[in-house]
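Here is a short note on salt bridges. Please keep the sequence and the 3D view open as you read the points.

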Amino acid sequence: MMRKKNDIVIGLTTFNNEMLQISVPALGKLHQKFTLIIHNNNPMTNVGRRQIRKLGYTGDLIIINSNENIGELRARLQIIHTAKELKPDWFIFCDDDDLIIDIDIPNVSSDNFAIIQNAVALRHRLCDLLRVMNNPIDFNIDGENVILLRPNIGLSGTVIRAPILFGLEEILFPITDDIIKLDEKLDYYPPVGMMLWNFINIYARYINPNAVPIYMDKINYIKNDIDSSQIKYERLAKPARNAEEHYRRALTKYDALLQDALKIAAAPRG
């Protein structure tokens with residue numbers, strides 16, 4: 001049985017606002033109600049309600065225009081903080097150049113803190129992206145240009161229980177500067193999505209030892225992996241060599257910061 005009430009928030013971060021022409025029209029084609037929160041991290045531009053309406057989204061909308069580039073991590077945390085007053089049950093993050101095509105959420109156990117699904121990655125051809133933008137279910141998986149990610153492990157596209165994010169945001173707020181200091185030591189774009197997904201898993205099991213994600217074998221997300229790293233990040237999108245090892249080492253350091261913060265939070269006071 002699928003949920004019908006408006007208890008879902010979709011959080012969308014953007015810097016290159018032209019990318020909203022990819023993500024927002026797809027959101028406008030979803031039939032279920034939700035609240036869209038857009039964080040514009042580009043201080044040189046403003047995203048307005050009229051702009052989003054012209055792109056085809058007519059539902060509940062909150063827009064945050066930052067007066068400085070606060071980075072992807074802080075932008076995502078600000079979206080989470082803003083969503084608290086809405087008291088949603090579920091949360092989904094979307095990148096501004098990706099497409100969410102399904103937000104049906106089944107009734108699952110209270111121990112299931114996230115619902116992992118499948119994604120399709122568009123890798124090389126602009127024509128694939130244009131076709132999917134016109135019709136989000138029009139894709140042919142060929143294993144080279146259009147790839148099935150089964151399952152899609154990560155932050156964007158994963159349905160997450162909102163209370164988990166609200167609690168995590170409170171833990172991360174005091175250590176955000178320490179996380180960013182680690183970011184600055186990397187010669188590639190920091191793996192914010194992977195880091196936050198790790199954090200969610202650690203925090204969920206910290207507050208509930210029985211917490212586990214659940215997997216649904218269906219496609220709900222389309223990733224635009226056509227190389228635009230210079231446009232999006234102005235740096236390498238990922239390590240040039242031995243990417244998995246570089247990510248493993250970086251994530252180990254990020255995880256240690258969170259573990260220390262959890263120990264501080266659990267320590268008796270007074």
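1. Start with Glu-169. This residue is buried, at 8% relative accessible area (buried means under 20%, exposed over 50%, partly exposed in between, with a 1.4 Å probe and protein chains only). The model is predicted: local features need pLDDT of at least 70, side-chain atom pairs count only at pLDDT 80 or more, and totals for chains, interfaces and linings use all residues. Residues are numbered from 1 along each chain as its sequence is written, and side-chain values use heavy atoms, with hydrogens and water left out.

2. Which residue does Glu-169 meet in a salt bridge? The partner is Lys-84, at 3.0 Å from N to O (a salt bridge is a side-chain nitrogen of Lys or Arg within 4 Å of a carboxyl oxygen of Asp or Glu). Glu-169 sits in helix H5 (residues 162-172) and Lys-84 in the loop between helix H3 (71-83) and strand E4 (90-95), so the pair ties together parts 85 residues apart in sequence. Helices (H or I, at least four residues) and strands (E, at least two) are DSSP runs, numbered from the N terminus. Lys-84 is partly exposed, at 23%.

3. Next, Lys-218 and Asp-102. Their closest N and O atoms are 3.0 Å apart in a salt bridge. Lys-218 lies in strand E9 (residues 212-224) and Asp-102 in the loop between strand E5 (99-100) and strand E6 (112-122), so parts 116 residues apart in sequence are tied together. Lys-218 is partly exposed, at 21%. Asp-102 is buried, at 17%.

4. Asp-217 pairs with Arg-150 in a salt bridge, with the closest N and O atoms 2.4 Å apart. Arg-150 is exposed, at 52% relative accessibility.

5. The structure holds 13 salt bridges.
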